Amino acid sequence: MEVKLAVYAGPLDLLLRLIARNEMDIFDIPIAELTEQYLNEIKGLHPQGDHTPDSLEMDNLSEFLVMAATLLEIKSKMLLPRPKPIDEIEPEDPREALVQRLLAYQLAQQLAQQLRSLTPPGDKLTGAGELWLAREAEDTPPVLEGVSVGDLWETFTGIMRRKDSRTDTQRAGYGEMPRERFTVTEKVAYIRHLLKQGRVNMFDLFMQCRSRGEMITTFLALLEMIRRGMLKAHQDRDFADISCEAA
C-alpha cells in the first residue's frame, strides 16, 4: 500500500526537495527531468474540498500551476536551437532566473532554521509559567485595590471619548505640526516625578496629553509601573476616577 502526503510549503519548496532527492546540481538543472517529476508530483494535489490528505486552497494550488507553466516555458526554450554568441558573449541561460529564486528561497529556509534553533526552550512551553505567576502573585503585596485591568481600560477609553467630544468640528480638518514622540520609559520617569508630590488623578494625567499617541504611551507606562509594583491604583466607587500613588 502506497501512502502519499503532500506537505510542501510552496512550489519552490517542492522543487528543492526534488533536486535534493535526485541529487541534481542546482547550478545545472536537468530541466526536462525536473519538469516531468514536478508535473507528476502536482497531479496528486487537489483543490480544498476534495477531502483528500493533500488538498490545497485554490490560491496555493494556483502557485504550483504557475510554476509548472514556468518550467514548461524554460523546457521549451532549452529545446530550441541556441543562437550563436555575439562578440563571444554567451546568451543568457533560461534557467538562470529560476536558479536565483531557488537559491534565495534556500537561504531564507536556512536562516529561518537558525532563528528557530536560537529560540529559548522555555518560550515553547505553556502552563508552567501561569503557575509560576500565580505563586509569585501570592507573595506580592496587592497594588490594585478595588481596581481591575478592565476598570483601567474602561477609564482610559472613557477619557479618550470625552477628549474626542471636545474636538472643534470647525478646525478638525486642519493640519497640525508634528509633535515630539514619547517613549514608555520617558513617561514612566515623568509619572514617578509627579508621584513624589503626592497622589495623581488618572483623568488629570491624561488630560495633560496633547495627542492620542501621547495618551496611549501614558496608558502603557501606567500598566508597566503597575506590573513592576511601582504604582498603586485606587478607585473609591464604581465609575469613579482612579487615583494613583507610589507603591
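**Reading helices, cores and surface**

Analyst: Gladly, and let's start with a helix: α2 (residues 31-42) has twelve residues and spans 16 Å from first to last C-alpha, close to the 16 Å expected at 1.5 Å a residue. The expected span is 1.5 Å times one less than the number of residues. Helices (H or I, at least four residues) and strands (E, at least two) are DSSP runs, numbered from the N terminus. This is a predicted model, in which local features need pLDDT of at least 70, side-chain atom pairs count only at pLDDT 80 or more, and totals for chains, interfaces and linings use all residues. Residues are numbered from 1 along each chain as its sequence is written, and side-chain values use heavy atoms, leaving out hydrogens and water.

User: Which residues of α2 are buried?

Analyst: Buried means under 20% relative accessible area, exposed over 50%, and partly exposed in between (1.4 Å probe, protein chains only). In α2, the buried residues are Ile31, Leu34, Thr35, Gln37, Tyr38, Glu41 and Ile42. As background, an α-helix has 3.6 residues a turn, so residues three or four places apart point the same way.

User: How do I read a nonpolar core, and which residues touch the most other members of the largest one?

Analyst: A core is a set of buried Ala, Val, Leu, Ile, Met, Phe, Trp, Tyr and Cys residues joined through side-chain atoms within 4.5 Å. In the largest, which has 26 residues, Ile191, Phe206, Leu222 and Leu231 touch the most other members. Helix α9 gives the most to this core, with six residues. Apart from it lies another core of 22 residues, including Leu12 and Tyr38.

User: What does Phe206 touch?

Analyst: Leaving aside residues up to four places away in sequence, Phe206 touches Phe156, Ile159, Met215, Thr218, Phe219 and Leu222. Contact here means heavy atoms within 4.5 Å.

User: And which residues make the nonpolar surface patch?

Analyst: Like charges are joined within 9 Å, and nonpolar side chains (Val, Leu, Ile, Met, Phe, Trp, Tyr) within 5 Å. Here Val184, Ile216, Leu220 and Leu223 make a patch of about 270 Å². Areas come from the Shrake-Rupley method with a 1.4 Å probe; for residues, only the protein chains shown count as cover. Helix α9 (residues 212-227) gives the most to the patch, with three residues. Ile216 lies in α9 and, at 38% relative accessibility, counts as partly exposed.

User: Is Glu23 buried or exposed?

Analyst: Glu23 is exposed, with a relative accessible area of 73%. Glu23 sits in the loop between α1 (11-21) and α2, and its phi is near 55 degrees, a positive value in a residue other than glycine.

Terms used
Patches are made of residues with over 30% relative accessible area and no salt bridge: like charges are joined within 9 Å, nonpolar side chains (Val, Leu, Ile, Met, Phe, Trp, Tyr) within 5 Å. A salt bridge is a side-chain nitrogen of Lys or Arg within 4 Å of a carboxyl oxygen of Asp or Glu.
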